[in-house]
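Please read the following note alongside the sequence and the model. The numbered points take up the disulfides, the nonpolar cores and the aromatic rings in turn.

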Amino acid sequence: QLQLAESGGGLVQPGGSLRLSCEVSGYPLDYYAIVWFREIPGKEREGISCISSGDESTWSAESVKGRFTISRDTTDHTTHTVYLQMSGLKPDDTATYYCAGVRGLRQDCSDYVAARVVDYWGRGTQVTVSS
C-alpha cells in the first residue's frame, strides 16, 4: 500500500514559480511510477507529468512541457519525495494538483497517465495563478 501527501501549493502571480512536493511512503516504493494530475472544477482530471519507477524516465504533457519539471528524491529509503517544479505559471494553470501512484515497471511512464489506472491518490494541493 502507498500513501501520498502533496504540499507546496499557494497563490502566485502570472510568470511566477512554485515547487510542489509529493511525499510517498509505503511498500514497495520502487514498484510505483508517480504521476502528477491537475483538476479544474467541471473538467476532467488531466495527467500532466510522470516519472517512472526504475530509471527515472519522465514525461510531460504538451501543455506544461518546457515549464514544469518532475524529479524524484530517493535518498530516504522509507519515504521518497517527488517534486514538480513549475515556472512560467499562467492563469490557466490554476487547479488542484494531485500526485498519484501507479504500480508498474515500464520505462515509458506515459502509459500510466490516466486516472483510471491509478492505484493510490494524494489529497491534492491548490495552485492559484492570479495577479
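1. A disulfide is counted here when a pair of cysteine sulfur atoms lies within 2.5 Å, and by this rule the count comes to 2 disulfides. The model is a predicted one, in which local features need pLDDT of at least 70 and side-chain atom pairs count only at pLDDT 80 or more, while totals for chains, interfaces and linings use all residues. Residues are numbered from 1 along each chain as its sequence is written, and side-chain values use heavy atoms, with hydrogens and water left out.

2. Strands, in what follows, are DSSP runs of E of at least two residues, numbered from the N terminus. Cys22 lies in strand β3 and Cys99 in strand β9, so the pair ties together parts that are 77 residues apart in sequence. As for accessibility, residues are called buried under 20% relative accessible area, exposed over 50% and partly exposed in between, using a 1.4 Å probe and protein chains only. Cys22 counts as buried at 0% relative accessibility, and Cys99 is buried with a relative accessible area of 0%.

3. Cys50 and Cys109 form a disulfide whose sulfur atoms are 2.1 Å apart. The torsion about the S-S bond of Cys50 and Cys109 is about 80°, so this disulfide is right-handed. Because Cys50 lies in strand β5 and Cys109 in the loop between β9 and β10 (120–121), the pair ties together parts that are 59 residues apart in sequence. Both Cys50 and Cys109 are buried. With bonded cysteines counted along the chain, the disulfides of the protein follow the pattern 1-3, 2-4.

4. A nonpolar core is taken to be a set of buried Ala, Val, Leu, Ile, Met, Phe, Trp, Tyr and Cys residues joined through side-chain atoms within 4.5 Å. The largest such core has 25 residues, and those with the most contacts inside it are Val24, Trp36, Phe68, Val82, Leu84, Met86 and Tyr97. Strands that each supply at least two residues of this core include β1 (2–7), β4 (32–39), β7 (68–73) and β11 (125–129), whereas its largest share, 4 residues, comes from β3. Apart from this core lies another, of 11 residues, among them Tyr98, Cys109, Val113 and Val118.

5. Which residues does Val24 touch, not counting those up to four places away in sequence? Taking contact to mean heavy atoms within 4.5 Å, the residues touched by Val24 include Leu2, Leu4, Leu29, Ile34, His80 and Val82.

6. Rings of Phe, Tyr and Trp (its six-membered ring) pair if their centres lie within 6.5 Å, with planes under 30 degrees apart called stacked, over 60 edge-to-face and the rest tilted; by this rule there are 3 aromatic pairs. The rings of Tyr98 and Trp121 have their centres 6.2 Å apart and their planes at 85°, so the pair is edge-to-face. This pair links distant parts of the chain, Tyr98 in strand β9 and Trp121 in strand β10, 23 residues apart. Tyr98 is buried, with a relative accessible area of 14%, whereas Trp121 is partly exposed at 32%. Ring pairs link Phe37, Tyr98 and Trp121 into a cluster.

7. A charge sits over a ring if NZ of Lys or CZ of Arg is within 6 Å of the ring centre and within 35 degrees of the ring normal. Arg45 lies over the face of Tyr98, at 3.8 Å from the ring centre, and over the face of Trp121, at 4.5 Å from the ring centre.
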